[in-house]
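Take a moment with the sequence and the model below. The walk goes from the whole chain to single residues.

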Amino acid sequence: MKTTHPESHSELVKRQAHAAVKEPAPPPAARQKTLHESLQKSQVYPDESQRAREITTSLAKMIVKDLQPISIVEDQGFRHFMKVVDPRYQIPSRKSMMTGEIPKLYEHAQKTVKDSMQSASSVVLTTDMWTARTTEGYLTLSGHFIDKDWQMQSCNLATIHVAVQHTADNISELLKKTTDEWGITSKVHAVVTDNGANMVSAVRKTCWKHIPCFSHTLNLIVKDSIKADTSLESSLEKCSAIVRFFHHSTRATDKLKEVQNQLNLPQHKLIQSVDTRWNSVLYMIDRLYEQQQAITTTLCLLGRNNMCLCDEEWSHIRQASDVLRPFEEATKEVSAEQYVTISKVIPLVCLLLQKVTTSADQGNSLASQLAAQCKRRFQNIEHNHTLAASTFLDIRFRNIVFSDSANVEMIKSRIITEMQALACAETQSTRHEAAATASTVTQESPAECSSSKGIWQEFDSRVLAFQSNRTANTDAYVEMRRYMEEKVIPRSEDPLVWWKKNETTFPMLNKVAKKYLGTIATSVPAERLFSKAGEIISQRRNRIKAENVNMLLFLNSNLRLQ
């Protein structure tokens, strides 16, 4: 057609094109969608849906509890994981998390902590300062108290960026400002810090009682004692050199593992001591003594015979380990937050003195130094009223751990005075109400007495005052006598459980007990936050703002997962 009849062919092509425009091709036959296609094309959760809110809240809690960087919401692996878990969930941006969901958690946690702090009758603070990897100074403050159910409670109150000099005046101002914000300034019973001069002076400026950290004091005792024992210090320097050698040489480390295998010894790594932690010295020499044969063999095989310890040096560090171990046990004993620790200080000091004195009598030079340091730093420890009252009001110890009965009588006298003051404060507020009630009764008396109403009213007020004073004075003595008649409980039992059971038996003494037993023995809770803060101010978050450091640390410590 195209060759023989070109005109007819052209017209035919035009007609076909025109018909194609008017009548499009029919669509393909419809088919049912697969499950995968349905999920892929389904709409995402609306932002206000309950499921989306639950996932977002859980994501925020995971970030603060596991100290994850906020940028995790942008990580490729995490986004892929969430896509597999629930393709319909839209992951919020990091800005949305930091300005929306996490601040909401912070406000809720703040309210919960504030409510619990308001119900406390007295609060003890622990505080310390630290420097972040960004060379910024921070002050951390935590609160501790016994709640109405006789449970020890601890909470992180604030982590404050200190941009000014770390002087006593500046620190005390920050402490008072923080407690004012929480509304607990009048409830603060004592503050536990290390022995730093600026911290001690700062607490004294606030007029709160200062309690030196027991663990920090033990640290100073051990470090000073080791420094005074020159022969032991020389042996420890050789121990540190051995550990450094194996840490810096892959060949030596591999050879040590090989020898450990041959000798059927556990393949434990050697531990290096740290100047700021005395117990790291104990861990180092314990590990070296455990691996003595493997270490000596490896050093000889590597031609490092000069580094080997002689028998006398091995004997020296073994004796040091034996005498230091009770100090490590005492440190762990008082570093808890969930049970009473302050009442153990006096008993532990007595036990430590007994042990080091016995070892010193056997010729242990380190034990002699430790005994001298303990006597110097813990001199007259039974005269420290907070420590003594806490021990006395712990039914496990009461008066049986005191070396001087005169100290017990002095403690009892001061506690009775405190009970009387509490009783007077309580009756003072109700005295006027009682007087008003007596006046009403007088007005309703028989008519023949109405003329002498004023005389009887004065008399009733005097009788009421006499009864109030008598009750405040005598009830305190009665409760104290009753407490002294109680049987002590085993050391393994919880004194707070005992006080909860006997709360009604000792209506005034239990309030004093709650005040003293709620004190903690160390500033370890504040120091534990340092390691957490190190995870927050990490390489991935080295530009984090100071207020966000406080918010994330607060949530990490105080948020309860449900």
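What follows starts with the overall make-up and then moves through selected elements.

This is a predicted model. The chain's secondary structure comes to 22 helices and five strands. Of the 562 residues in the chain, 44% are buried. Among contacts between residues at least 6 apart in sequence, 69% join residues at least 24 apart.

Begin with helix H6, which runs over residues 168-182. Now look at which side chains are covered. The buried residues of H6 are Ala168, Ile171, Ser172, Leu174, Leu175, Thr178, Thr179 and Trp182. Viewed down the axis, these buried residues fall within an arc of 160°, so they line one face of H6. An α-helix has 3.6 residues a turn, so residues three or four places apart point the same way. On the face of H6 turned away from the buried side sit the exposed residues Glu173, Lys177 and Glu181. Just past the end of H6, Gly183 takes a positive phi of about 70°.

Next comes strand S4, residues 188-193. Six of its six residues are buried, which makes S4 mostly covered. S4 has a partner in strand S1, residues 123-131. The two strands pair in the parallel sense over four bridges. Within that pairing, Val124 stands opposite Ala190 in S4. S4 also pairs with strand S5, residues 209-212. This pairing, too, is parallel and has four bridges. Here the bridge partner of Thr193 is Pro212 in S5. What does the chain form with S4, S5 and helix H7? S4, helix H7 (residues 197-205) and S5 make a right-handed β-α-β unit.

Helix H8 covers residues 214-228 and holds Asn219. Asn219 is buried, with a relative accessible area of 9%. Leaving out residues up to four places away in sequence, Asn219 touches Thr276, Arg277 and Trp278.

Gln373 lies in helix H15. Gln373 is buried too, at a relative accessible area of 14%. Which residues does Gln373 contact, beyond its neighbours within four places in sequence? They are Ile221, Asp224 and Ser225. A C-alpha to C-alpha distance gives another view: Gln373 and Val222 are 8.2 Å apart in space, yet 151 residues apart in sequence.

Loops deserve a look as well. Asp394 is found in the loop between helix H16 (385-392) and helix H17 (405-443). Is Asp394 buried or exposed? Its relative accessibility is 0%, so Asp394 counts as buried. With neighbours within four places in sequence set aside, Asp394 is in contact with Val340, Ser343, Tyr483, Pro495 and Leu517.

Two further loop residues concern backbone angles. Leu67 has a phi near 55°, a positive value in a residue other than glycine. Leu67 lies in the loop between helix H3 (50-65) and helix H4 (76-85). With a relative accessible area of 11%, Leu67 is buried. Asn380 also has a positive phi, near 60°, and is likewise not a glycine. Asn380 sits in the loop between helix H15 (365-377) and H16. At 49% relative accessibility, Asn380 counts as partly exposed.

Finish with the cysteines. A disulfide is a covalent bond between the sulfur atoms of two cysteines. How many disulfides does the model contain, with sulfur atoms required to lie within 2.5 Å? The count comes to zero. Cys300 is in no disulfide; the nearest cysteine sulfur, that of Cys308, is 4.1 Å away. Cys300 is partly exposed, with a relative accessible area of 38%. Cys155, by its relative accessibility of 7%, counts as buried.

Notes:
Residues are numbered from 1 along each chain as its sequence is written. This is a predicted model: local features need pLDDT of at least 70, side-chain atom pairs count only at pLDDT 80 or more; totals for chains, interfaces and linings use all residues. Side-chain values use heavy atoms; hydrogens and water are left out. Buried means under 20% relative accessible area, exposed over 50%, partly exposed in between (1.4 Å probe, protein chains only). Contact means heavy atoms within 4.5 Å. The expected span of a helix is 1.5 Å times one less than its number of residues. The arc is that of the directions from the helix axis to the C-beta atoms. Two strands pair if DSSP finds at least two bridges between them. A crossover is right-handed if, with the strands pointing away from the viewer, the path from the first strand over the helix to the second runs clockwise. A disulfide is a pair of cysteine sulfur atoms within 2.5 Å.
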